[in-house]
Every structure is written in C-alpha cells, then in structure tokens.
Amino acid sequence: MIPIIVTSGKGGVGKSTVSANLAIALAQRGIKVGLLDADLMDPVQHLVFRADKETIREYGKQLLPLTVNIGNGRTVEFMGIGPFIPRGVGVALNYQKTADFIVTLLKFVRWTADYLIIDSPPSSVDVNVKLLQELEGIARAVLVGEPHVFALEDNLRMLDLLRLYKADVRAMVLNKVGLYDQNIMREIEEAYSKLGLRVIKLPWDPQLQMGFKPELFRELVEVVLA
Amino acid sequence: MSFNIRLKLLAVLPKLLMFGASQLQDVLSQFPEAKTRSAVLELYDERGKVAFWIGFEGGRPNVKEVDPDNPPYSTNTITMHVDTFIKVIRGEIDFRTAYLYDLIEIASSDGLPPAYHLLIWSAFFDRLASALR
C-alpha cells in the first residue's frame, strides 16, 4: 500500500476537498483506495462521505475500515475518529494520545487498498510530525495551498518538513485560483516552481465545498500515480 | 473497598455486576476477539481505589471485584475517578468524550494501542449506560 499524504502549512486551504476528490478519482479508475482522516482535531471526511454514527468492527486484532459506496459499484475504504466521537466535542488530546491514535489508524486498521490517501491536519503540528515519522521514506505527498503570500510562507516550512522525512512530494496544488490577484498568483506559482514542485491549479468553485468534481483532479491523479 | 467509593457506587454496583452476566456476551459478540479480551476497571477517589475485572471466564462473560493492588491479568486497564464513572454510566458524559478530556486513562497489556481498546470498549460503555438508565 502506498501512502499519499495530502497536507498544507495552513488551514482551510482545501486539503479535505483535495483528499476526497483524489480518492474518488482514483477509485473511479478501478484502483483500490483508502482514505484516512488524520485530522484528529477537526475531522470532516465522515461528513463528506456521510459515514457518521458508525459502529466500530474488528477482524482479528485489526479494526475494519468503513466501506463507502461512491456509485457504479466503486467503493472507498475510510477510517478516522470522526464517526466514533460525539459531534461538537473538543478533541483535547495530549501528544501521547495523539500519537497513539495515529498509530492505531495507520497500523491497526485492516486496510486492503493499494493507495491510502491521508488527509492530514494543517501546519507542522505534532500530528503531522508523528505521521511523517511513521511513514518516513515511503510516502508520497501533495501540498495544498492558496495563491497567497502567507500560505506560501507556511508551505515553505511544511515542504521542509516533508523533505526532512523523505516524503516524495509529487505536486503543489494551488487551490481557489481566481479568488486572488493574478499578479500575486503568478509570483506564487513561480516561487513553487523554483522549488522544483509541479504546480497544479484548481479553480475557485463553490460546488467543491461539499460536493465532488473528480474530473478536476485528473492531472493530480496522473502525478501521484506516476 | 474504599468506603466512600462503595457509597457512591451503591446504587449502580448490583446492576453493574448483573450487567456482566446478562448482556456482556451480547455486547462483545460483535467483536470476534472478545473472548480473548478483558479489562480491569479501576475507580479511584481522594481516599482510595477499587477495581473490577471484566471479561470471559470458562467461555462465559463475567464482572467481578478484584484487589486493586494485585489485579489479575487483563488485556487493558481503564482508570477513572469514580465520579467520572458514575457520569458515564448515567449517560451524563460519553465514554469517548471523557477519554478525550483526559478524564479516563487506558493502559494496554497486549500490544494493541490504548486508542484501539478505547474504540472497542466504547460500545460496551454505551450499552452499559443504556442498560442502567
């Protein structure tokens, strides 16, 4: 199984949207794909995939991932803590418990997928460090950001962290293109390109907020599979 | 047993022990590994602590009081203040929420992560709270 970390130095830039659509786009190609919601503090994928209020199951000494039907007989394996914790409860996990959840979700779930998309929390917080440590040298990564100066600064730090843990950074997804000034957009794109990143632009599209448009992610699919 | 804790548990202890005999099998039947899993539930207050062993013995589910300083082997230990336990089984706070708020600690003895045990035992505490309400 090849893990693909979808991450960002900044929150609210579309990691969950990119993760969900990438998972669906891969599944539509007949590829066995899993989606792990590693954003322990603010999980949303269970809402996106309508997999809330589920009952935990196990097989042997592994938890069974949920199976989400995406139509045409295709499915995505899904796991996170979102379906199993009450709505509205603040997740006040200390580092030890955070690391424990990450290990549980990564290594004690009976994933059968060929590719595991990991929707990670923003910034270089402890969850991401633990994730990268667990996946050192084996993960592919997709950085997500908006064409915004502050987002660039935060992503430079995240890129450094990804490279520190030998993640294979496949693409920089610039999301919500069209919302920002075109001159800044060009500067940001150039800055990422100079860092050796393949820049993929996603247009600002309100329908992507809670919906799926996997057709917008074809280029990203090619890049992560290559 | 600590006198204070016994007083606090007075209303729920008989039901808790009966629950073990009547419904534990049903609760744990959804987990194929249930018969190899057990827990020591350790409850404390400012003056002392008590412990219960929850699991299967001779193929049958059982809940029994044990020596908190020398408990029998269990695959994990769940520790919380007795007031938290009473709130959990009264349904005033969810078991998972209490864990997230650091009101519950889970220690593992079988190599599985504590979070794994948390998720599995959540179903047990949901049913327990429902049965005792």
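At what angle do H3(A) and H6(B) pack, and how many Å apart are their axes? Before I answer, two remarks on conventions. This is a predicted model, in which local features need pLDDT of at least 70, side-chain atom pairs count only at pLDDT 80 or more, and totals for chains, interfaces and linings use all residues. Residues are numbered from 1 along each chain as its sequence is written, while chains are lettered from A and ligands numbered from 1 in the order in which they are written.

To the question, then. H3(A) and H6(B) pack at an angle of about 75 degrees, and their axes are 7 Å apart. Helices here are DSSP runs of H or I with at least four residues, strands are runs of E with at least two, and both are numbered from the N terminus. Axes are lines fitted to C-alpha atoms, for helices over the stretch in contact, and angles run from 0 to 180 degrees between N-to-C directions. The two helices are therefore roughly perpendicular to each other; in this scheme, angles under 35 degrees count as roughly parallel, over 145 as roughly antiparallel, 65 to 115 as roughly perpendicular and the rest as oblique.

Which residues meet there? From H3(A) come Asp100(A), Phe101(A) and Thr104(A), and from H6(B) come Pro114(B), Ala115(B) and Tyr116(B). Two residues are in contact if their C-beta atoms, placed from the backbone, lie within 7 Å. By class, this contact has 4 nonpolar, 1 polar and 1 charged residues. The classes are as follows: Ala, Val, Leu, Ile, Met, Phe, Trp, Tyr, Cys and Pro are nonpolar, Asp, Glu, Lys and Arg are charged, and the others, Gly among them, are polar.

Let me widen the view to the whole contact between the chains. Chain A contributes 21 residues and chain B contributes 19 residues. On the side of chain A that touches chain B, strand S3 (58–59) and H3 of chain A each supply at least two residues. H3(A) gives the most to that side, with 4 residues. That side of chain A divides into 13 nonpolar, 4 polar and 4 charged residues.

H3(A) also has a partner within its own chain. Helix H3 (residues 95–107) of chain A packs with helix H4 (residues 126–134) of chain A at an angle of about 40 degrees, the axes being 10 Å apart. H3(A) and H4(A) are therefore oblique to each other. On the side of H3(A), the contact involves Tyr95(A), Thr98(A), Ala99(A), Ile102(A), Val103(A) and Leu106(A), and on the side of H4(A), Asp126(A), Val127(A), Lys130(A), Leu131(A) and Glu134(A). These residues comprise 7 nonpolar, 1 polar and 3 charged.

Turning to the sheet of chain A: 8 strands form an open sheet in the order S5-S6-S2-S7-S1-S8-S9-S10, with mixed pairing. Two strands pair if DSSP finds at least two bridges between them. At the edges stand strand S5 (66–71) and strand S10 (199–203) of chain A, each pairing on one side only. Neighbouring strands of this sheet are turned by 25 degrees against each other on average, direction ignored. S5(A) and strand S6 (residues 74–80) of chain A are antiparallel, with 5 bridges; Leu66(A) stands opposite Phe78(A) in S6(A).

What is the strand order in the open sheet of chain B? The order of its 5 strands is S3-S2-S1-S4-S5, and the pairing is mixed. Strand S3 (60–66) and strand S5 (104–108) of chain B each have a single partner strand, so one side of each is left without a neighbour in the sheet.

Tyr44(B) has His81(B) as its bridge partner in S4(B) and Lys49(B) as its bridge partner in S2(B).

Finally, we return to the helix of the opening question. Helix H6 (residues 114–132) of chain B lies across S1, S4 and S5 of chain B, running at about 115 degrees to S5(B).

As to confidence, the model scores ipTM 0.88 and pTM 0.91. Chain B averages a pLDDT of 83, and 86% of its residues score at least 70, pLDDT being the predictor's confidence in each residue, from 0 to 100.
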